[in-house]
Amino acid sequence: MSIFQSYKLGDLALNNRIVMAPMTRCRALDNVPNNLMAEYYAQRASAGLIISEGTSPSINGLGYARIPGAYSPLQIEGWKKVADAVHSKNGKFFVQLMHCGRIVGAENLPEAGEVLAPSAVKAAGEMFTDTNGMVPHVTPKAMSLEDIIQTQQEFVDSAKALVNRAGVDGVELHAANGYLLDQFLNPKSNIREDDYGGDFKNRARFVLELSKKVVAAIGKGKVGIRISPYGAMNDVDYDYEDLVDLYSYLASELRQIGIAYIHIVDHSGSMGAPNFKTDIKRTIKLHFQDTIITGGDVNSVDDAEKVISNGYDLVYIGRPFISNPDLVQKFLDRKTLKDPNPDLFYTSGKEGYTDY
Ligand SMILES: Cc1cc2nc3c(=O)[nH]c(=O)nc-3n(C[C@H](O)[C@H](O)[C@H](O)COP(=O)(O)O)c2cc1C
């Protein structure tokens, strides 16, 4: 098996097994995808699959400055331009739906936005805002049952508009890295006492209900999910008693629902996360039995082939794609990769974005 072989993912035939990882790049002025973003993604269309930067399905989910949304007609029009640009280069494109929940700089939210999370537990840490620089997170409002239903509906509406009107190939539900969905899964951010909190089955309820609803709306072949067991980002617990039970249950239930893939973040050894304490990736594969995307710190053909030879199906690559739009060709030619400039990861112009 090689990373250069094609792969059938849900409804799609991917040209290779290399996935461009979702990366927030903060170029969406006024939270609307634009021509510059279309150019950026089209430059990287030789990836087997591109997963977009985190994109908010709700006015309440815009935690960061200049991240795109997918809840207004203008935003959906913007995504259509991006999807068309990627498709014209024979690429495939999923949009990652990311609701930031309590990970927010209040100044980043439009006036009508509300900071929502499973429980009124403030996250430690700070967030960059264009108006006031770094600001502490705020204490969120604990979501009512109405908020839960409303938020799930926002994901459904976004997914439908993205697939039916913008023509994207599918959506990825961001349940990793301490954002809203992960805030439900994690016992540090979820201290609810109703059916959505407590034991692992209850903590998984929001994510599973949401997955079912999105699948019913756009079809199971068009839905993936990203998770980060043992993840340490954004003030969640990275090790707790029922972690293995939680992710085993989640994987089995997602198998029943029939989504296209589970995308497992592996930040062990880098990006501040501890090493996995168990064989959790293998456990998840065992319970899910379908496509697993994983990677992390993949910087060469050999690194990428190792992910596949370890029994996973697709390999995600993040930072190297920023500075090597032609990464697949460079891998084929075994050329040295260029290093990205982290100072330009989240700035607003084309520098460090489309000029590599
Ligand atoms: C600039 C930047 C932005 C990121 N934004 C997101 C995001 O929006 N959603 C997400 O799931 N992960 C995000 N990540 C994490 C990456 O998807 C990936 O897991 C991480 O970069 C590790 O992979 P790598 O070693 O190949 O870079 C981001 C990473 C970087 C460097």
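Guide: Two residues are in contact here if their C-beta atoms, placed from the backbone, lie within 7 Å. The model is a predicted one.

Visitor: Among contacts between residues at least 6 apart in sequence, what percentage join residues at least 24 apart?
Guide: The count takes in contacts of the protein chain between residues at least 6 apart in sequence. Those that join residues at least 24 apart make up 73%.

Visitor: Which radius of gyration does the protein chain have, and why does it agree with a compact globule?
Guide: The C-alpha trace spans about 55 × 45 × 35 Å along its principal axes, and 51% of the 356 residues count as buried. A compact globule of 356 residues would have a radius of gyration near 21 Å, so the chain agrees with its value of 19 Å.

Visitor: How many helices and strands does the protein chain have?
Guide: Strand 11, at residues 223–227, is one of the strands, and helix 6, at residues 243–257, is one of the helices. For the protein chain the totals are 10 helices and 14 strands.

Visitor: Which residues of strand 11 are buried on each side?
Guide: In a regular strand, side chains alternate between the two faces of the sheet. Strand 11 is mostly covered, with 5 of its 5 residues buried. Both faces are covered: one side has Val-223, Ile-225 and Ile-227, and the other has Gly-224 and Arg-226.

Visitor: Which residue stands opposite Val-223 in strand 11?
Guide: Strand 11 also pairs with strand 10, at residues 170–175, in the parallel sense over 5 bridges. The residue opposite Val-223 is Val-171.

Visitor: How many residues lie between strand 7 and strand 8 in their hairpin?
Guide: Strand 7 (residues 126–129) pairs with strand 8 (residues 133–136) in the antiparallel sense over 4 bridges. Met-127 stands opposite Val-135 in strand 8. The number of residues between the two strands of the hairpin is 3.

Visitor: Which residues around the ligand come nearest?
Guide: The shell around the ligand divides into 10 nonpolar, 8 polar and 4 charged residues. Of the 22 residues around the ligand, those that come nearest are Ala-21, Thr-24, Gly-54, Gly-318 and Arg-319.

How values were computed
Residues numbered from 1 in each chain as written. Predicted model: local features only at pLDDT ≥ 70, side-chain atom pairs only at ≥ 80, totals over all residues. Rg over C-alpha atoms; globule rule 2.2 N^0.38 Å. Buried ≥ 20, exposed ≤ 12 C-beta atoms within 10 Å, placed from the backbone. Pairing = 2+ DSSP bridges. Right-handed = clockwise from strand over helix to strand, strands pointing away. Near = placed C-beta within 6 Å. Nonpolar A, V, L, I, M, F, W, Y, C, P; charged D, E, K, R; others polar.
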